[in-house]
Amino acid sequence: MKIAIGTKNPTKVKAVNDAFASFIEAEFISTSVPSNVSAQPLTDLETLTGAINRAKNALEAERADLGVGLEGGLIKTDFGYFLCNWGAIYVKDQQPIIAGGARIVVPDEIGELVFTGRELGDVMDIYAKRKNVRHNEGAIGIFTNGIVDRTTMFKELSNLLIGQYLYKQNV
């Protein structure tokens with residue numbers, strides 16, 4: 001089986017590999033594909049749509065059996081700004097398998113900057129005084145004091161995806 005992962009981001013690629021390789025034997029290919037949504041998704045719908053698009057675009061770009069897309073976003077609620085993350089598996093001529101992941105509140109100053117048009121990763125680099133937070137611990141790692149990092153968060157999301165995929169294979 002050939003699985004295309006719709007990103008070159010090392011945290012997301014590792015998450016999919018770690019989750020999926022425990023359950024299926026496959027060749028994993030990471031590929032840079034568009035999400036066809038904003039660079040910084042600001043709603044659940046946009047973030048979910050980005051994950052589905054990445055999965056579909058990866059499948060098509062690599063002529064794979066399965067495409068996987070993971071997308072992170074930020075949403076504004078009555079309770080503050082929250083990280084959100086969505087994932088999708090795409091198989092040709094089938095409805096995508098989707099799952100949502102962890103959510104935590106982020107400081108208002110972060111949310112406000114993102115909602116003025118800046119990407120969360122860029123804002124986090126400045127806030128944390130580090131480089132490439134998005135390719136390492138992520139905002140979730142910063143705001144959970146390192147207890148949950150970006151790879152762990154996306155691995156749990158990937159587990160939800162592969163679990164649903166395997167369930168549907170056995171139905």
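The largest pocket of this predicted model holds about 490 Å³ of space. A pocket here is an open set of points on a 1 Å grid over the protein atoms alone, where a 1.4 Å probe fits, with protein on both sides within 12 Å along at least five of seven lines. Its volume is the space filled by probe spheres set on the points. Lining residues have an atom within 4 Å of a point. There are 28 of them, and Asn 9, Lys 12, Gly 72, Arg 134 and Arg 150 are the closest to the centre. Strands β3 (66-77) and β4 (80-90) each supply at least two lining residues, as do helices α4 (120-128), α5 (138-143) and α6 (150-170).

Local features need pLDDT of at least 70, and side-chain atom pairs count only at pLDDT 80 or more, while totals for chains, interfaces and linings use all residues. Residues are numbered from 1 along each chain, and side-chain values use heavy atoms, without hydrogens and water.

Now turn to helix α2 (residues 44-62). Its 19 residues should span 27 Å at 1.5 Å a residue, and its end C-alpha atoms are 27 Å apart, which agrees. Its buried residues (under 20% relative accessible area, 1.4 Å probe, protein chains only) include Glu 46, Leu 48, Arg 54 and Leu 59. Among the elements covering them are β1 (2-5), β3, β4 and β5 (97-100). Arg 63 follows α2 with a positive phi, near 50 degrees.

Pro 10 sits in helix α1 (residues 10-20). Pro 10 lies 125 residues from His 135 in sequence, yet 6.2 Å from it in space, C-alpha to C-alpha.

Technical notes:
Helices (H or I, at least four residues) and strands (E, at least two) are DSSP runs, numbered from the N terminus. The expected span of a helix is 1.5 Å times one less than its number of residues. Buried means under 20% relative accessible area, exposed over 50%, partly exposed in between (1.4 Å probe, protein chains only). Contact means heavy atoms within 4.5 Å.
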